[in-house]
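Student: I have a new structure to look at, and I would like to learn how to read it. Could you guide me through it?

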Amino acid sequence: MGEGWAPGPQRPAVISAPAPLVTRQATVFDIDLLVPLFDGYRQFYRQPSEPDRIRRFLLDRFEHNQSAIFVAIRDETCIGFTQLYPSFSSAALARIYILNDLFVDPAARGSGAGTALLQAAADFARRLGAVRLVLSTELTNTSAQGLYEKLGWKRNTEFCNYQLAL
């Protein structure tokens with residue numbers, strides 16, 4: 001580059017920002033978005049793929065208003081969901097919610113979808129006057145445990161949980 005050289009007009013660098021992440025409460029009209037994610041969630045817990053049964057199960061929850069489901073959407077693609085079931089605490093004389101299901105598509109993990117879904121669930125429960133959210137996860141699911149603890153969830157060290165298979 002000799003003397004007098006000056007660069008020509010520069011094109012501005014185009015930096016494509018990811019589409020915003022949207023979390024919202026799901027409706028029955030979201031069933032087609034939910035079924036594949038719910039199927040992935042169940043397979044994570046070593047259950048067989050059963051899309052027809054899943055569809056019926058979710059339709060039942062919507063039709064009987066038995067749960068609240070939140071979805072995380074980016075670029076018109078559902079990348080995660082969480083499902084809450086209402087319950088009550090006799091000791092606290094108050095409503096609680098069981099965060100029964102949380103799943104983010106493996107390709108979307110690290111995108112903030114899990115955090116956004118947990119925050120949406122907490123906001124929803126607070127608005128309805130709940131005193132707490134509760135959840136359980138497999139002992140081996142350390143990545144989820146790390147997220148829960150980062151967001152202020154506390155591991156229960158006072159009570160043992162038991163199950164009775166029926």
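Predicted model: local features only at pLDDT ≥ 70, side-chain atom pairs only at ≥ 80, totals over all residues.

Student: How are the rings of Phe44 and Tyr45 arranged as an aromatic pair?

Tutor: For a ring pair, look at the distance between the centres and the angle between the planes; an angle over 60 degrees counts as edge-to-face. Phe44 and Tyr45 are 4.9 Å apart centre to centre, with 85° between the planes, so their pair is edge-to-face.

Student: What kind of pair do Tyr148 and Trp153 form?

Tutor: Theirs is tilted, with 50° between the planes and 6.0 Å from centre to centre. Are these two residues buried or exposed? Both Tyr148 and Trp153 are buried.

Student: How many aromatic pairs does the structure hold, and which residues do ring pairs link into a cluster?

Tutor: There are 10 aromatic pairs. Ring pairs join Phe38, Tyr41, Phe44, Tyr45, Phe57, Phe81 and Phe103 into a cluster. One of its members, Phe57, also has the charged end of Arg61 sitting over its ring, 4.4 Å from the ring centre.

Student: Now the whole chain. Which elements does the protein chain have, and in what order do they run?

Tutor: Read them from the N terminus: β-α-α-β-β-β-α-β-α. That comes to four helices and five strands. To see how the chain folds back on itself, look at contacts with a separation of 6 or more: 56% of them are between residues 24 or more positions apart. As for burial, 36% of the 166 residues count as buried.

Student: What is the volume of the largest pocket, and which residues are closest to its centre?

Tutor: The volume is about 1,700 Å³. Of the 45 lining residues, Leu99, Leu135, Ser136, Thr137 and Tyr148 are the closest to the centre. Elements giving two or more residues to this lining are α1 (31–44), β4 (94–104), α3 (113–127), β5 (132–134) and α4 (142–150).

Student: Which element gives the largest share of the lining?

Tutor: That is β4, with eight residues.

Terms used:
Residues numbered from 1 in each chain as written. Heavy atoms only, no water. Buried < 20%, exposed > 50% of the residue type's maximum accessible area, 1.4 Å probe, protein only. Contact = heavy atoms within 4.5 Å. Phe/Tyr/Trp six-rings, centres within 6.5 Å; stacked < 30°, edge-to-face > 60°. Lys NZ or Arg CZ within 6 Å of the ring centre and 35° of its normal. 1 Å grid on protein atoms, 1.4 Å probe; cavity = no way out; pocket = protein on both sides within 12 Å on 5 of 7 lines; lining within 4 Å. Points joined across faces, edges and corners; volume = space filled by probe spheres on them.
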